[in-house]
Amino acid sequence: MSSKFWAELSSDYEKLFETELGYDVIIYAGDELNIKEIHAHSNILCIRSQYFRSAFTNEWAEKKDGKFILKKPNISPHLFNIILRFIYCGNIELKNLQGPEVLKLLIAVDELNIQQLITYIQEYLIEHQTEFLYQNPTGILETVYQHETFTELWDFCLEKICEEPKILFNSDSFIDLKAPLLELLLKRDDLNIGEIEIWEGLLKWCFAQLNVTNDPTKWSKEDVANIESLLDRFIPQIRFYNIKPADFFYKVYCYKEILPQDLIHDLLEFHIVPNMKPKTNVAPLRKPKLDSTLIDSNHIPLFASWVDKKDSSYNKNDVPYEFKLLYRSDRDGFNAASFHNKCDSKGATIWIAKIQGTTQLVGGYNPLDWSGNNVWKSTTNSFLFYLTDEKNISSAKLSYVNNANYAIYCHDTQGPHMGDFLCSGANNWYFYSIDVGIIYPKIGIPENFMVENYEVFQVIKS
């Protein structure tokens, strides 16, 4: 059937929805302050939704004067009309809804078991309404947690909060977070926040639940017992051995009354006795997930080993650097001004570019910075690299600088420029010298290519 006929069919069903001709369903949508009678057709609802099929065949719905009666006080008339319009003609318009309304719509279509919309609305929220998470992170996280079909949105919310935990930890509603959710978050290895801040956040949450002051000198024996009981499930999730000695002394040890005594003893011994190893298995440092569309966590140990000029790659758990995304061309704009705005004065950086239409990656390491205009910077530690297969790190080739005086070039109108390898500020990159391979030895990088996307990461010593 041609698209013209599909459009006509959709239009006809939309007219049926709007004219209500021959309706046999009456839906009372909304609560007492905003209730509206909506008319529909049982055959169409049954075909499009298991929920309505069960309601009508199993007699959930009351029947009066030959018409089914449904009451949905938890779904507003406006949202119910949006859902019905989709059921009738497959059209849905979300751009006029704010994030909280879209989330309510998602909850409604989940209840009505309209599978196509469950996936579609989640994708829409993630792509177009991410700011809604900042407005009420606790409430949104708990809402999504309660609906097992919201898998895409749940993963997004968790990753976003782990990437920027202060969205949650600094919010006024943090103390309202339910204990199972807080425990789940504290177990995450990619929670991107200092361990001492996690500990302080946990204490703030705990004291708020029990309505006690943050002053151990004023606690009664009952207060101590209650705090110990509430904290018991969370203590194993705090990585106390990763807290700095000064923070341990001033911000942990002062709460020794509410911590297990064997833990306090072991931590004191660890901090006081030289070269003392932890007596228990210690969880690794929390490390945020890599924010990249070009590389994954398998690339990071290799890059770090190149930075340190090691003969072999680091183990994943031993990488001594954090790679923090500063710039992504398809997000921040493919121009020199955006590159310098995001990357200048940030110290050491590594950049990665994908060659258009291929699986090849090109990149480089600048141990200095990108600040300055029309200036060469000297270093013996910079390098270029080339991967013929983006997923296969064994395909990587490395080229350390040969001529330190021409290692890095900074210019306001250019992106990454190393030796005679140049990003002109657009996506056409090239070697501009006929003596290719002099400043950086040849490793097979094409002499001219178009770039699909590139990213720049700040390389931070852990």
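## Salt bridges in the whole structure

A search of the whole structure finds 17 salt bridges. The model is predicted. Several of these pairs are described below, one by one.

## Glutamate 197 and lysine 166

Glutamate 197 forms a salt bridge with lysine 166. The closest N and O atoms are 3.6 Å apart. This pair links distant parts of the chain. Glutamate 197 sits in helix 12, residues 195-210. Lysine 166 belongs to helix 10, residues 166-169. The two partners are 31 residues apart.

How accessible is each partner? Glutamate 197 has a relative accessible area of 32%, so it is partly exposed. Lysine 166 is at 46% relative accessibility, and it also counts as partly exposed.

## Arginine 328 and glutamate 455

Arginine 328 pairs with glutamate 455 in another salt bridge. Here the closest N and O atoms are 2.9 Å apart. Again, distant parts of the chain are linked. Arginine 328 is in strand 5, residues 321-328, and glutamate 455 is in strand 15. They are 127 residues apart.

Is arginine 328 buried or exposed? Its relative accessible area is 10%. Buried means under 20%, so arginine 328 is buried. Glutamate 455 counts as buried too, because its relative accessibility is 0%.

## Lysine 342 and aspartate 332

The side chains of lysine 342 and aspartate 332 also meet in a salt bridge, at 3.9 Å from N to O. Lysine 342 lies in helix 18, residues 336-343. Aspartate 332 lies in helix 17, residues 329-332. The pair therefore ties together parts that are 10 residues apart in sequence.

The partners fall into two classes of accessibility. Lysine 342 is partly exposed, with a relative accessible area of 31%. Aspartate 332 counts as buried, at 18% relative accessibility. Elsewhere, salt bridges that share partners join Glu200, Asp247 and Lys251 into one network.

Which residues form the negative surface patch? They are Glu123, Glu127, Glu152 and Asp155. Two elements give two or more residues to the patch: helix 6 (115-128) and helix 9 (151-163).

Take aspartate 155 as an example. It is placed in helix 9. Its relative accessible area is 43%, so aspartate 155 is partly exposed.

## Two residues in loops

Proline 446 is in the loop between strand 14 (428-431) and strand 15 (448-461). With a relative accessible area of 23%, proline 446 is partly exposed. Proline 446 and tryptophan 154 are 292 residues apart in sequence. In space they are 42 Å apart, C-alpha to C-alpha.

Serine 312 is found in the loop between helix 16 (299-307) and strand 5. Serine 312 counts as partly exposed, at 45% relative accessibility. How many residues separate serine 312 and tyrosine 400 in sequence? They are 88 residues apart. Their C-alpha atoms are 16 Å apart in space.

Note on methods: Residues are numbered from 1 along each chain as its sequence is written. This is a predicted model: local features need pLDDT of at least 70, side-chain atom pairs count only at pLDDT 80 or more; totals for chains, interfaces and linings use all residues. Side-chain values use heavy atoms; hydrogens and water are left out. Patches are made of residues with over 30% relative accessible area and no salt bridge: like charges are joined within 9 Å, nonpolar side chains (Val, Leu, Ile, Met, Phe, Trp, Tyr) within 5 Å. Accessible areas come from the Shrake-Rupley method with a 1.4 Å probe; for residues, only the protein chains shown count as cover. A salt bridge is a side-chain nitrogen of Lys or Arg within 4 Å of a carboxyl oxygen of Asp or Glu. Lys and Arg count as positive and Asp and Glu as negative; His and the chain ends are not counted. The place of a charge is taken as NZ of Lys, CZ of Arg, CG of Asp or CD of Glu. Helices (H or I, at least four residues) and strands (E, at least two) are DSSP runs, numbered from the N terminus. Buried means under 20% relative accessible area, exposed over 50%, partly exposed in between (1.4 Å probe, protein chains only).
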